[in-house]
Amino acid sequence: MDKREKKSEKLQNQRHTLAHLLASAVLELYPDTKTTIGPSIDDGFYYDFDFSSPIGDNDLRKIEKKMRENLKSWTEFTHEEKTAEEAKEYFKDNLYKLELIDEVEQRRSADDKALADKEKITFYTCGNFTDLCRGGHVENPKKEIAPDSFQLDRLAGAYWRGDEKNKMLTRIYGLAFDTKEELSAYTIQREEAIKRDHKKLGRELDIFLFSDLVGSGLPLWTPKGTLMRNILDDFVWSLRAKYGYEKVEIPHITKKDLYITSGHWDKYADDLFRITTREGHEFAMKPMNCPHHTQIYNRKQWSYKELPQRYASTTMCYRDEQSGELSGLSRARAFTQDDAHVFCRITDAKEEIQKIWNIVHSFYDAFGLELKLRLSLRDPAIPEKYLGNKNHWDKAEAVLREIAKENKIEYFEAIGEAAFYAPKLDFMAKDSIGREWQVATIQLDVNMPERFDLYCINERGEQERIVMIHAAIMGSIERFLSIIIEHYAGAFPTWLAPVQVSIVPVRENHIEEAQKVYNTLKENDIRVELEDGDESLGKRINHAKAQKIPYVVVLGDKEVSSGTLTIEGRESKTEMSAEDFLAKLKEEIKEKK
RNA sequence: GCCGGGGUAGCUCAACGGUUGAGCAACUGUUUUGUAAACAGUAGGUUGGAGGUUCAAAUCCUCUCCCCGGCUCCA
């Protein structure tokens with residue numbers, strides 16, 4: 001165990017100890033409360049309670065105060081082993097703890113003797129509070145936990161055992177770190193993230209909006225936002241160009257029959273926007289595009305020589321997400337996928353996936369987003385969640401694993417994260433303030449081809465089942481934009497900025513000269529604005545900078561007489577000729593800077 | 001959908017049973033400016049919507065729509 005792991009184990013113990021401390025404070029203030037579980041988490045701890053009457057945010061301060069009070073007398077943890085009967089007697093009024101005790105008992109009586117011996121029913125006591133617990137505390141809380149290194153953070157609902165069929169408990173989250181300084185660094189970082197919130201910046205920078213009349217989860221795109229969407233989409237297409245992808249277009253609704261065949265109707269019927277025609281036929285808005293694309297592939301009989309067929313669409317999809325799941329552009333009811341499907345033989349799958357891999361990396365490199373890889377596999381314990389047979393899955397998972405291993409990138413495997421029809425390579429991007437987002441995905445699918453009977457004619461003249469690779473580079477343009485708005489805090493690089501240059505004439509008699517520069521840039525497809533209003537110079541410059549425009553060009557007597565422009569970038573101020581400035585802009589756009 | 005917190009002018013917020021207010025933005029004049037906001041004036045609201053309690057509701061209650069933080073879900 002190295003030093004860092006040791007430290008993190010200590011921090012985990014501190015956090016878990018604080019969960020006990022929280023429960024002790026709650027029980028003193030609200031004696032009717034039933035305690036359940038309270039683990040440590042990434043930024044602190046939580047404890048789930050079943051309160052007899054609801055509490056509100058104002059109660060948190062009271063509880064926190066009580067915790068600090070109790071901490072003073074928490075000097076030692078003692079623990080003792082109990083039999084199931086003793087434990088149940090102690091918690092006879094707490095059905096949550098009784099359920100946990102029963103589960104430990106079941107594991108103890110399991111066949112695996114070694115495992116069974118490890119499972120014991122232990123009670124830990126500190127101060128006036130005893131809890132059923134596996135352990136993992138600091139020895140002397142009073143000494144080892146600084147009273148100002150933690151704070152209660154927020155209230156939240158959480159289902160017992162994470163199952164929405166169960167009762168909803170009240171979860172109290174706390175933040176906890178080694179020191180007060182680390183705690184405050186964390187809260188400052190969180191405030192920084194709030195400043196970058198894409199919903200706020202989206203409005204301020206005039207990129208997108210929501211309308212109560214249109215409905216929640218249905219973003220509307222302004223001219224600037226639409227421009228950015230197109231720039232991003234064009235970039236993806238430019239990367240796909242050398243690999244032979246073709247654009248296809250599909251309607252946004254379909255008969256339900258398509259999804260009955262694909263299996264989506266069974267699995268996602270509740271999440272579809274459905275339409276009944278006047279003649280009584282049932283249709284659905286498309287929630288994804290693969291079934292439509294299969295029908296384009298299936299328009300003719302293909303020779304193996306004509307494969308792979310690679311189809312891609314940038315197209316909106318619609319999902320009736322539950323209202324509580326919506327969140328700005330990150331999770332919307334209408335969103336645009338940059339969706340590609342490669343129809344090929346299983347023997348070509350690896351090479352095709354490698355090509356997509358290259359596209360993904362070129363794309364994310366341009367934004368300075370570092371990628372991690374998750375190999376998302378099925379959960380063999382619940383086969384009913386997945387289509388098709390085990391052999392097919394094993395084969396597909398093996399191909400993806402091979403690719404993950406061959407490429408030098410940090411990767412981990414995640415059981416149960418596969419789509420219901422295929423395993424996936426999911427890419428996670430780390431943004432400029434260290435947050436991780438799931439972005440691109442590549443899926444190797446043997447099930448849709450089976451269901452839609454997709455084949456080619458092979459060398460021996462036989463029908464051969466093909467495979468289908470699902471690939472999305474951005475995933476969803478909306479979601480990707482939410483990530484880069486926050487990643488750049490709205491200060492987009494030149495190639496991506498909806499307005500690249502703002503020209504500010506000093507006085508009225510400079511407008512004519514400014515207009516000339518404006519025209520030159522405009523003729524060269526630079527996105528340029530002229531700030532020729534009657535506000536003061538300082539105010540007009542300020543306005544351009546508030547819009548996070550990469551370059552502000554100031555033009556007055558000095559510039560007219562010297563024949564140069566004063567160029568204010570975000571960090572520095574330089575002077576150069578209009579020609580040099582144009583060349584610089586073109587370079588930045590070409591190099592995606 | 002569920003739990004908790006919210007919704008007052010375009011934006012940020014105040015008023016918290018007793019005539020809805022401020023700053024910024026907008027508009028109109030004046031000002032022609034060399035870098036963190038020129039000056040003056042004007043307009044802007046069924047306090048998200050619908051019911052109810054009250055002499056009186058932005059304020060209290062019920063329903064509904066929308067937003068935020070979680071939970072569940074995420075093809």
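**Helix H13**

I looked up what the buried residues of helix H13 pack against and found helix H9 (223-240), helix H14 (390-406), and strands E17 (334-344), E20 (424-430), E21 (436-445) and E24 (467-476). I took a residue as buried if 20 or more other C-beta atoms, placed from the backbone, lie within 10 Å of its own. Helices (H or I, at least four residues) and strands (E, at least two) are DSSP runs, numbered from the N terminus.

The model is predicted: local features need pLDDT of at least 70, side-chain atom pairs count only at pLDDT 80 or more, and totals for chains, interfaces and linings use all residues. Residues are numbered from 1 along each chain as its sequence is written, while chains are lettered from A and ligands numbered from 1 in the order in which they are written.

Among the buried residues of H13 I noted Ala349, Glu352, Trp357 and Phe363.

**RNA strand B**

I counted 52 residues around RNA strand B, the closest being Ala156, Gly157, Ser216, Gly324 and Gly556. A residue counts as near the strand if its C-beta atom, placed from the backbone, lies within 6 Å of it. E7 gives the most to this surface, with 6 residues.

**Chain A**

I read the domain assignment, automatic or from a database, as domain 1 (3-190), domain 2 (199-487) and domain 3 (501-590). The C-alpha centres of domain 2 and domain 3 lie 41 Å apart. Chain A has 20 helices and 29 strands. Its C-alpha trace spans about 90 × 75 × 55 Å along the principal axes. Of the 593 residues in chain A, 35% are buried.

Technical notes. A residue is buried if 20 or more other C-beta atoms lie within 10 Å of its own, exposed if 12 or fewer, and partly exposed in between; C-beta atoms are placed from the backbone. Two residues are in contact if their C-beta atoms, placed from the backbone, lie within 7 Å.
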